[in-house]
Amino acid sequence: MAPNDDSSKQNRTEFIVRYLEILFNTINHVLIGYVSIYLSYLCYMMSISSIMTWHIFLTAVGYHFFMAESFLTLYAANTWTMENSPETKRRLHWILQLIGCVAIIVGTAIEVWDKERRNRSHFKSDHAITGLVSIIFIVLSMLNGVASIYAYKIRNIIKPIYVKMSHYICGIVAFVIGMTSLALEYSPRRMVSTENVNMLILFSSIVAALTCIGVAKTMYSQFKGMCR
């Protein structure tokens, strides 16, 4: 086979892969938006004065929208940031991540406060335990994120690649466990019907998987760049 044929075949393969990445990334955005809007609508239909309503709303949009979108900003195939500079992507990542983490922590804190006020036990259910574990990893991710800003200055103490990889890993673990915590709380009692519950679990699982694939590719690309 001629060299030009090999080059043409490689370019064609790269084009198809790139197209599929953008396609699945777009599907991911649609599912993120759909579930976030759906859960927000359910909260709107519930009592606005209820602590539980705000707990569901803040944690749902925190994980399902802000955290997911914050990871995707760094993904090369992300449709709405692919033309931005690395610096702009990092800034967007920080803003979305911060909003999401604050929403999650506040949403969890008010539920803990409400249980304390009513003398109810804390962190007994699978939903509550996974939520607590996720919060721990969120805090670790935020600390690693701050350290990654100064990674170059502290390079004599620890290699920047270790700081950044630790930040990514803690963040994605927090996200996956947090999404699992949300899925554990989906129930016909809150979500109207079994069909709606199954839909939310399916869509949330797809969002988590596609987001993790994007993060994994971003990590791999940065790891290769740092090893050069």
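Mentor: What follows goes from the overall fold to helix packing, then to salt bridges and one serine.

Trainee: Before that, what kind of model is it, and how are the residues numbered?

Mentor: This is a predicted model, in which local features need pLDDT of at least 70 and side-chain atom pairs count only at pLDDT 80 or more, while totals for chains, interfaces and linings use all residues. Residues are numbered from 1 along each chain as its sequence is written, and side-chain values use heavy atoms, with hydrogens and water left out.

Trainee: Okay, how many helices and strands does the protein chain have?

Mentor: The protein chain has 7 helices and 0 strands, where helices (H or I, at least four residues) and strands (E, at least two) are DSSP runs numbered from the N terminus. Read from the N terminus on, its elements run α-α-α-α-α-α-α.

Trainee: And what box do the C-alpha atoms fill?

Mentor: Taken along the principal axes, the C-alpha atoms of the protein chain fill a box of roughly 75 × 45 × 25 Å. Of its 228 residues, 40% count as buried, which means under 20% relative accessible area, with exposed being over 50% and partly exposed in between (1.4 Å probe, protein chains only).

Trainee: What share of the contacts join residues at least 24 apart?

Mentor: Among contacts between residues at least 6 apart in sequence, 74% join residues at least 24 apart, a contact being heavy atoms within 4.5 Å.

Trainee: Switching to packing, at what angle do α3 and α4 pack?

Mentor: Helices α3 and α4 pack at an angle of about 150 degrees, with their axes 11 Å apart; axes are lines fitted to C-alpha atoms, for helices over the stretch in contact, and angles run from 0 to 180 degrees between N-to-C directions. That angle makes α3 roughly antiparallel to α4, since angles over 145 degrees count as roughly antiparallel, under 35 as roughly parallel, 65 to 115 as roughly perpendicular and the rest as oblique.

Trainee: Which residues make that contact?

Mentor: On the α3 side they are Trp94, Leu98, Cys101, Ile104, Ile105 and Thr108, and on the α4 side Ile135, Ile138, Met142, Gly145, Val146 and Ile149. By class, the contact of α3 with α4 has 10 nonpolar, 2 polar and no charged residues, with Ala, Val, Leu, Ile, Met, Phe, Trp, Tyr, Cys and Pro counted as nonpolar, Asp, Glu, Lys and Arg as charged, and the others, Gly among them, as polar.

Trainee: How do α2 and α4 cross, then?

Mentor: The axes of helix α2 (residues 51-72) and helix α4 (residues 126-149) come within 14 Å and cross at roughly 50 degrees, and that makes α2 oblique to α4. The contact is made by His55, Tyr63 and Met67 of α2 together with His127, Gly131, Ser134, Ile135 and Ile138 of α4. Sorted by class, the contact of α2 with α4 has 4 nonpolar, 4 polar and no charged residues.

Trainee: New topic: how many salt bridges does the structure hold?

Mentor: The structure holds 5 salt bridges, each being a side-chain nitrogen of Lys or Arg within 4 Å of a carboxyl oxygen of Asp or Glu. In one of them, the side chains of Lys217 and Glu21 meet at 2.4 Å, N to O. Lys217 lies in helix α7 (residues 194-227) and Glu21 in helix α1 (residues 3-45), so the pair ties together parts that are 196 residues apart in sequence.

Trainee: Is Glu21 buried or exposed?

Mentor: Glu21 is buried, with a relative accessible area of 14%, whereas Lys217 is partly exposed at 37%.

Trainee: Which residues are linked in a network of salt bridges?

Mentor: Glu87, Arg90 and Arg91 are linked in such a network. Arg90 and Glu87 have their closest N and O atoms 3.0 Å apart, and Arg91 meets Glu87 at 3.6 Å, N to O. Arg90 and Glu87 are 3 residues apart in helix α3 (residues 86-117), separated by about one helical turn, while Arg91 and Glu87 lie 4 residues apart in α3, also about one turn. Glu87 is partly exposed, with a relative accessible area of 42%.

Trainee: Last one: where is Ser148?

Mentor: Ser148 has its place in helix α4 and counts as buried at 16% relative accessibility. Leaving aside its neighbours within four places in sequence, Ser148 is in contact with Val163 and Lys164.
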